[in-house]
Amino acid sequence: MKRITIIICSLLLILISFLWVTYTVRKNRIEKQYVSQSSTGILSIAVDDLVLDNVSQLLSFDTRSTGIEGGEDLIKKIVWNSGISIPARLFLFSTDTQKNQFCGILAVSNYDDCFSFFANQYPKAINFVDKKQGIVSVNIAKHIKVLFDHNHLVYSIGLDPNSDFSELHALLKNQDAWVQIGSFKGFEHALTKKHIGYALKDRSLMAEATVTKHKTDITGQWLLSESIEQNLQVRKIDTANQIVTLWSLLSLNDLPLLSQIMSKYTGFNQEQLKKNYANYLDLEIKTDSVIQKDTSIAYAYDDDFNAIEEMKVTEIAVPYIVHTWKYNEPLAASLPGKMFYQFHKAHIDSYLLNTTSERSPDRIQNERTQHPFYFFIDFNAWPEKWTIYPFSKLKQSKVSATMTTTLMDKNKLAIKGEITY
């Protein structure tokens with residue numbers, strides 16, 4: 001019995017040593033992964049560390065809950081049978097010409113296995129781009145595309161569902177424009193040891209995240225293009241019973257996504273927005289609902305079959321939403337009165353209040369804040385009417401997130417956030 005115990009312990013020790021050596025070797029190869037020399041932003045995901053630090057969670061993870069058929073089997077095939085070399089840390093990059101998507105470069109360890117994997121998993125989405133050179137494209141989903149040859153696989157994850165493979169093809173063919181992340185000057189700060197990292201080359205934004213079983217902690221720094229005052233004030237908001245709370249005292253230059261959304265809904269170009277936007281926005285979505293009346297015209301007929309016009313009023317329960325701006329007459333005129341729901345505009349003190357409720361306060365109070373940018377969302381309280389995928393999954397998992405920023409100096413913010421689930 002003692003001899004058997006010694007043998008078992010020895011085998012376990014050998015196995016653990018082998019796994020540790022493999023883990024160490026894979027980590028040492030992280031800096032050899034390729035990215036584009038044109039990269040302006042890099043997102044990194046520590047695959048090995050995420051698995052090792054969350055083993056217990058992964059063992060209890062039920063892929064059926066994701067809604068992806070055969071999810072667990074698919075992951076195993078990607079790791080063991082896809083012919084793709086999965087590194088210890090993935091590096092995805094964006095460029096000035098590809099701001100709304102991330103791309104990545106991976107090595108192909110076995111071309112035949114790689115082709116078989118995609119042909120079996122996505123038979124209707126796979127095509128030859130160049131048979132002679134063995135270049136194959138796979139349109140996995142509206143936002144995910146893959147292109148590979150005998151040596152490398154490049155992929156993109158983007159917001160534009162209508163993008164083609166031309167940019168990926170250029171990336172795959174122009175390997176002289178690749179650089180190993182470990183020798184990429186200007187991106188030394190992208191080599192984080194946290195589970196997830198994001199860094200811009202100009203250092204205007206750096207963020208890191210650590211993932212545990214029920215929480216993800218986020219820290220970072222945000223360098224602003226415009227200085228902000230120390231005495232920060234926002235409209236006083238009742239933060240109880242909120243689904244979403246957001247406020248921003250930052251310039252649109254530091255919020256390009258908000259600038260794009262505003263341009264779309266107001267019709268203002270960027271110069272008009274900068275002229276009329278006073279660096280203030282807040283948004284509330286409450287757990288309460290309000291009643292809106294929808295008027296429509298219906299037709300009835302009298303005894304002589306003459307059409308009689310009738311007004312029909314329908315009452316609809318809609319989410320209680322408020323979005324507020326610093327008052328500006330051109331901005332007030334440009335903001336639509338209906339965005340999914342009817343919004344009522346009110347000029348109160350120095351604010352332009354837009355709300356789905358017919359009732360508006362007579363006065364608005366200000367309060368001091370330490371946070372130039374603040375965001376909170378609670379998917380557990382997400383309205384049932386909005387529970388389409390992926391929001392339904394987030395609601396089921398009771399996900400909530402908070403992100404706060406505080407001033408480090410007049411144009412630098414410290415970022416702190418957490419996501420619970």
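Predicted model: local features only at pLDDT ≥ 70, side-chain atom pairs only at ≥ 80, totals over all residues.
Helices (H or I, at least four residues) and strands (E, at least two) are here DSSP runs, numbered from the N terminus. On that basis Glu358 is placed in the loop between strand S21 (351–355) and strand S22 (366–368).

## The chain as a whole

The chain holds 10 helices and 25 strands, and its C-alpha trace spans about 90 × 70 × 55 Å along the principal axes. Of its 421 residues, 38% count as buried. The accessible surface comes to about 25300 Å², and carbon and sulfur atoms account for 55% of that surface. Among the contacts in the chain with a separation of 6 or more, 61% are between residues 24 or more positions apart. The chain carries 45 positive and 45 negative side chains, with the centres of the two sets lying 9 Å apart.

At the start of H5, a side-chain oxygen of Asn110 reaches to within 3.1 Å of the backbone nitrogen of Asp112. The buried residues of H5 are Tyr111, Cys114, Phe117 and Phe118. Viewed down the axis of H5, these buried residues fall within an arc of 130°, so they line one face of the helix. An α-helix has 3.6 residues a turn, so residues three or four places apart point the same way. On the face of H5 turned away from the buried side are the exposed residues Asp112 and Asn120.

One of the buried residues of H5 is Cys114, whose relative accessibility is 0%. Once its neighbours within four places in sequence are left aside, Cys114 is in contact with Ser82, Gly83, Ile84, Val108, Phe148 and Leu153. Gln342, by contrast, is 228 residues from Cys114 in sequence and 52 Å from it in space, C-alpha to C-alpha.

Helix H6 (residues 166–173) has Leu168, Leu171 and Leu172 as its buried residues.

In helix H7 (residues 256–266), the buried residues are Leu258, Ser259, Met262 and Thr266. They fall within an arc of 100° when H7 is seen down its axis, and they therefore line one face of the helix. The face of H7 turned away from this buried side carries the exposed residues Pro256, Leu257 and Lys264. After H7 comes Gly267, whose phi is positive, near 85°.

The side chains of Thr95 and Thr97 are joined by a polar contact of 3.2 Å. Apart from neighbours within four places in sequence, the residues in contact with Thr95 are Ser38, Ser39 and Thr40.

## Loops and backbone geometry

Most residues other than glycine have a negative phi, and most peptide bonds are trans. Against that background, Asn241 has a positive phi of about 55° although it is not a glycine. Asn241 lies in the loop between strand S14 (233–235) and strand S15 (242–248), where it is exposed. Asp349 likewise has a positive phi of about 55° without being a glycine, and its place is in the loop between strand S20 (344–348) and S21. Asp349 counts as partly exposed.

The peptide bond between Tyr389 and Pro390 is cis, with an omega of about 10°. Pro390 is found in the loop between strand S23 (373–378) and helix H10 (391–396).

Glu358, in the loop between S21 and S22, is exposed. The C-alpha atoms of Glu358 and Lys345 lie 9.2 Å apart, although the two residues are separated by 13 residues in sequence.

The table gives the relative accessible areas of residues from these sections.

| Residue | Relative accessible area | Class |
|---|---|---|
| Cys114 | 0% | buried |
| Asn241 | 54% | exposed |
| Asp349 | 35% | partly exposed |
| Glu358 | 60% | exposed |

Terms used
Residues numbered from 1 in each chain as written. Heavy atoms only, no water. Buried < 20%, exposed > 50% of the residue type's maximum accessible area, 1.4 Å probe, protein only. Arc of directions from axis to C-beta. Polar contact = N/O pair within 3.5 Å; in protein donor to acceptor, adjacent residues only side chain to side chain. Contact = heavy atoms within 4.5 Å. Areas by Shrake-Rupley, 256 points an atom, 1.4 Å probe, with all protein chains shown as cover. Lys, Arg positive; Asp, Glu negative; His and termini not counted. Charge placed at Lys NZ, Arg CZ, Asp CG, Glu CD.
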